[in-house]
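Subject: Structure for your review

Dear colleague,

Please find the structure below, together with its sequence. My notes on what was found in it follow directly after.

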Amino acid sequence: TDSKSIHGRFHYPLLGIFPAKIDFNITPAQDAGNDQCIAELDVGGPTWTANLKYGSIAGGIAFGVNYLQAITSNFMLGGEGLFLTSQGAGIGNYAFKYTMPAPDSDEDLPITKTADAITPPSTTTTTTTS
């Protein structure tokens with residue numbers, strides 16, 4: 001079967017500072033359960049970011065939110081939640097990120113040992129005549 005659909009995305013800075021976007025996927029009537037339209041709003045500050053989602057997925061309403069916070073310059077914590085009314089269920093995720101500084105020089109690298117390479121037996125034949 002030949003399935004046709006329209007995909008699109010609109011971006012607009014809400015109030016001139018908050019990135020807002022709308023993603024959509026529209027399919028013919030026989031596949032209407034696959035239609036989706038999600039509106040998202042991103043907000044944030046110097047050490048945090050958040051995202052709010054609202055839309056229609058699989059014939060039901062979807063609500064979502066995520067948040068990511070820098071605890072230190074190297075450590076971040078965050079989480080995400082999404083609720084689908086068509087399923088009557090939600091999902092949640094959490095994440096953390098730790099960034100380790102790179103060593104300043106080769107002297108700071110840990111020493112690793114590798115196994116010696118195995119040399120295959122020689123196939124050279126030596127012939128001696130007297």
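W48 counts as partly exposed, because its relative accessibility is 31% and partly exposed covers the range between buried (under 20% relative accessible area) and exposed (over 50%), with a 1.4 Å probe and protein chains only. This residue is found in strand β4. Its contacts, leaving aside residues up to four places away in sequence, are V43, Y67, L68 and Q69; a contact means heavy atoms within 4.5 Å. The C-alpha atoms of W48 and Y67 are 7.4 Å apart, while the two residues are separated by 19 positions in sequence.

Before the remaining findings, a note on the basis of the values. The model is predicted, with local features requiring pLDDT of at least 70 and side-chain atom pairs counting only at pLDDT 80 or more, whereas totals for chains, interfaces and linings use all residues. Residues are numbered from 1 along each chain as its sequence is written, and side-chain values use heavy atoms, with hydrogens and water left out.

Overall composition

The protein chain contains zero helices and seven strands. Helices (H or I, at least four residues) and strands (E, at least two) are DSSP runs, numbered from the N terminus. Along the sequence the pattern is β-β-β-β-β-β-β. Of the 130 residues in the protein chain, 11% are buried. Among contacts with a separation of 6 or more, 11% involve residues 24 or more positions apart. The accessible surface is about 10,600 Å², and carbon and sulfur atoms contribute 61% of this surface; accessible areas come from the Shrake-Rupley method with a 1.4 Å probe, and for residues only the protein chains shown count as cover.

The sheet

The seven strands form an open sheet in the order β1-β2-β3-β4-β5-β6-β7, with antiparallel pairing. Two strands pair if DSSP finds at least two bridges between them. The edges are β1 (6-14) and β7 (89-98), each of which pairs on one side only. Neighbouring strands are turned by 10° against each other on average, direction ignored; the axes are lines fitted to C-alpha atoms, and angles run from 0 to 180 degrees between N-to-C directions.

Individual pairings are as follows.

- Strand β2 (residues 18-26) is joined to strand β3 (residues 36-44) by six bridges in the antiparallel sense, and I22 stands opposite A39 in β3.
- β3 and β4 run antiparallel and share nine bridges. V43, one of the contacts of W48, stands opposite A50 in β4. A hairpin of three residues joins β3 to β4.
- Strand β6 (residues 75-84) pairs with β7 over ten bridges, again antiparallel. In β7, K97 is the bridge partner of M76 and F96 that of L77. The hairpin of β6 and β7 has four residues between the strands, and G88 takes a positive phi near 65° there.

How many of the ten residues of β7 are buried? The count is zero, and the strand is hardly covered.

Surface patch

Y54 lies in strand β4 (residues 48-57) and is partly exposed, with a relative accessible area of 46%. Together with I61, F63 and F83, Y54 forms a nonpolar patch on the surface with about 370 Å² of accessible area. Patches are made of residues with over 30% relative accessible area and no salt bridge, where like charges are joined within 9 Å and nonpolar side chains (Val, Leu, Ile, Met, Phe, Trp, Tyr) within 5 Å. A salt bridge is a side-chain nitrogen of Lys or Arg within 4 Å of a carboxyl oxygen of Asp or Glu.

With kind regards
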